[in-house]
Amino acid sequence: MSTPQPPMPQTAAPNWQAAPGSSYPQAGYTSPIPVVRTHLGHAIASEWTKIRSVRSTMWTLGVFVLLVVGIGIATGALVSANADPDSLAGENPLSFGFFGLLLGSMCLITLGVLTTASEYGTGMIRTTMVACPSRGRVLAAKSIVFSAVAFVVTLVSSVLVAFADIALLDGAREPSGGEWLKGTVGISLYLALLGLLSLVVGSIIRHSAGAITIMIGLVLAPLVIALFMFTESLSGLRDALFEYSIPNQLSVFYANSLTESGPAGWDPLWIALGITAAAFAGAFALLEKRDV
């Protein structure tokens, strides 16, 4: 037979006190560790750390600046060297930055997609959602950080090209205040929205290559398809594809539209804003229903 063991003395449970500033009620046990309620600012700080610490951001934005500034200044220099000063009298020197911005938009599309879709490819999205279970907050934080970065980089690049082209093109006229606003701030907002739309598509598709392909097709396909519509019966569709293609909408900011009708003034910005808002709502709804 085994020897009976004496009963162990019972000790009183520690009387933990609520941490200073904690709003949680005591229910038998309260952690001594201060509890901080998370908010959107914490998610933005996290996404800012991500986007500035990965190598793809620096490479993509570096190529973007190289394309926008390099092609924009090279175009201005080429025109200045070969054009008669009298023929430039009515030209807006800001418009020569269009070519670099059109090619540079591909970099913003790529970075926008990678901001969301790359986390699904690596599985990092699970860690992100554990750290911040509010999925809408994660998507909002990614959108805010990316849009701010895209807008600032585009604005700095476009302003640099604008000053360089004005200095190179002596015979061109002086841009008005409205043309400066549209050719720098307006075009920067439009490209930031285009990149944000790419971010949202990446969240919906959850595949980097697929989302980038869709966005590049959205940029180039309408204009390319319209170029091969020769029949008169398709003239209405051809004109619509020309008018609402992204290259034409970019040229509207410099008053150099490919067509005489269609979007004008600030219309391209409102169109991009409406499409992006609708895509954002769809991405948010899918994000709440899907598993990570």
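Visitor: Among contacts between residues at least 6 apart in sequence, what share joins residues at least 24 apart?
Guide: In this predicted model, 76% of the contacts between residues at least 6 apart in sequence join residues that are at least 24 apart.

Visitor: And what is the pattern along the chain?
Guide: Read along the sequence, the pattern is α-α-α-α-α-α-α-α-α-α, and the chain has 10 helices and 0 strands.

Visitor: Let's go to charges. How many salt bridges are there?
Guide: The count comes to 4 salt bridges, and one of the pairs is lysine 50 with glutamate 47, where the closest N and O atoms are 3.2 Å apart. Lysine 50 and glutamate 47 are separated by about one helical turn, because they sit 3 residues apart in helix α1 (residues 40–53).

Visitor: What else does lysine 50 meet in a salt bridge?
Guide: The side chain of lysine 50 also meets that of glutamate 119, at 3.1 Å from N to O. Since lysine 50 lies in helix α1 and glutamate 119 in helix α3, this pair ties together parts that are 69 residues apart in sequence.

Visitor: Is glutamate 119 buried or exposed?
Guide: Glutamate 119 counts as buried, because its relative accessibility is 7% and the cut-off for buried is under 20%.

Visitor: Which lysine has its closest N 2.4 Å from an O of glutamate 119?
Guide: That is lysine 142, which forms a salt bridge with glutamate 119. The pair links distant parts of the chain, with lysine 142 in helix α5 and glutamate 119 in helix α3, 23 residues apart. Lysine 142 is itself buried, at 3% relative accessibility, and salt bridges that share partners join Glu47, Lys50, Glu119 and Lys142 into one network.

Visitor: Switching to rings, how many aromatic pairs turn up?
Guide: A search of the whole structure finds 4 aromatic pairs. One of them joins phenylalanine 98 and phenylalanine 99, whose ring centres are 5.4 Å apart with the planes at 75°, so this pair is edge-to-face. Phenylalanine 98 is buried, with a relative accessible area of 15%, whereas phenylalanine 99 counts as partly exposed at 44%.
Guide: Another pair is phenylalanine 253 with tryptophan 266, which is edge-to-face because the planes stand at 85°, with the centres 6.3 Å apart. Both residues are in the loop between α9 (246–252) and α10 (267–289), 13 residues apart.

Visitor: Which residues do ring pairs link into a cluster?
Guide: The cluster consists of Tyr190, Phe253 and Trp266.

Visitor: What does tyrosine 190 touch, beyond residues up to four places away in sequence?
Guide: Tyrosine 190 touches Ile246, Gln249, Leu250, Phe253, Pro268, Leu269 and Ala272. In the largest nonpolar core, which has 53 residues, Tyr190, Leu191, Leu194 and Leu250 touch the most other members. Helices α2 (55–82), α3 (98–122), α4 (124–131), α5, α6 (177–205), α7, α9 and α10 each supply at least two residues of this core.

Key:
Residues numbered from 1 in each chain as written. Predicted model: local features only at pLDDT ≥ 70, side-chain atom pairs only at ≥ 80, totals over all residues. Heavy atoms only, no water. Phe/Tyr/Trp six-rings, centres within 6.5 Å; stacked < 30°, edge-to-face > 60°. Buried < 20%, exposed > 50% of the residue type's maximum accessible area, 1.4 Å probe, protein only. Helix = DSSP H or I, 4+ residues; strand = E, 2+ residues; numbered from the N terminus. Core = buried A, V, L, I, M, F, W, Y, C linked by side-chain atoms within 4.5 Å. Contact = heavy atoms within 4.5 Å.
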